[in-house]
Amino acid sequence: MDKPVTPRAAAPGPRRRDRHGRGMRGPIAPPQVPLAASRADAFADLVQDSVERLERRWPQLADIDFLVLEVPRLDGSGQAWNDEAVPLGGTIGAREGRPARVVVYRRPVEIRTKGRDERAALVHEIVVEQVAELLGLTPETVDPRYGEDQG
């Protein structure tokens with residue numbers, strides 16, 4: 001008669017090796033390495049870099065919230081758009097104790113750019129345009145380098 005084999009009880013404490021004897025699997029990269037940053041986090045960093053560049057010249061930007069949303073909303077946001085003109089950013093005026101907001105839409109920007117440098121340039125352009133709209137200024141006043149080819 002065959003006797004069933006009973007599995008060994010797991011030893012208490014951390015497991016030292018995986019079942020193939022190669023050691024424990026770990027993360028590919030530690031969290032502080034850029035490889036571990038999500039695309040959304042990397043995009044938010046581009047927006048933050050752009051805002052910090054402008055804040056040196058316009059300290060009042062500290063009173064404006066800067067947001068990153070995946071895509072623009074279709075419902076009653078007051079912005080009319082169609083397939084040919086999907087907004088890349090927008091503004092929401094200050095009201096009822098809420099600060100003014102600048103919104104940058106991540107997916108439309110990513111679709112229109114090829115690399116990080118091109119994306120950073122477009123994000124900065126969008127931030128400058130939206131800040132100019134909120135402040136009632138021209139984009140060239142907000143950032144004298146606006147419109148210059150960054151390449």
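This is a predicted model: local features need pLDDT of at least 70, side-chain atom pairs count only at pLDDT 80 or more; totals for chains, interfaces and linings use all residues.
A residue counts as buried here when its relative accessible area is under 20%. R106 has 8% relative accessibility, so R106 is buried.

Three strands form an open sheet, in the order 1-3-2, with mixed pairing. Strand 1 (65-69) and strand 2 (89-92) stand at the edges. Each has a single partner strand, so one side of each is left without a neighbour in the sheet. From one strand to the next, the twist averages 20°. Strands of a sheet pair through backbone hydrogen bonds, and the sense can be parallel or antiparallel. Strand 2 and strand 3 (residues 101-105) pair in the antiparallel sense, over four bridges. To find this pairing, look at T91, whose bridge partner in strand 3 is V102.

Helix 1 (residues 39-55) lies across strand 1 and strand 3. Helix 1 runs at about 155° to strand 1.

Next come the charged side chains. Side chains of opposite charge can pair when their charged atoms come close. The model has five salt bridges. One of them joins R39 to E110, with the closest N and O atoms 3.7 Å apart. R39 lies in helix 1 and E110 in helix 2 (residues 106-112), so the pair ties together parts that are 71 residues apart in sequence. The two ends sit in contrasting surroundings. R39 has a relative accessible area of 55%, so R39 is exposed. E110 has 10%, so E110 is buried.

Return to R106. The side chains of E70 and R106 meet in a salt bridge, at 2.7 Å from N to O. E70 lies in the loop between strand 1 and strand 2, and R106 lies in helix 2, so this pair ties together parts that are 36 residues apart in sequence. With a relative accessible area of 39%, E70 is partly exposed.

R106 also meets E110 in a salt bridge, at 2.8 Å from N to O. Both residues lie in helix 2, four residues apart, about one turn of the helix. Both E110 and R106 are buried. Which residues do the shared partners join into one network? They are R39, E70, R106, R107 and E110.

Notes. Residues are numbered from 1 along each chain as its sequence is written. Side-chain values use heavy atoms; hydrogens and water are left out. Two strands pair if DSSP finds at least two bridges between them. Helices (H or I, at least four residues) and strands (E, at least two) are DSSP runs, numbered from the N terminus. Axes are lines fitted to C-alpha atoms, for helices over the stretch in contact, and angles run from 0 to 180 degrees between N-to-C directions. Contact means heavy atoms within 4.5 Å. A salt bridge is a side-chain nitrogen of Lys or Arg within 4 Å of a carboxyl oxygen of Asp or Glu. Buried means under 20% relative accessible area, exposed over 50%, partly exposed in between (1.4 Å probe, protein chains only).
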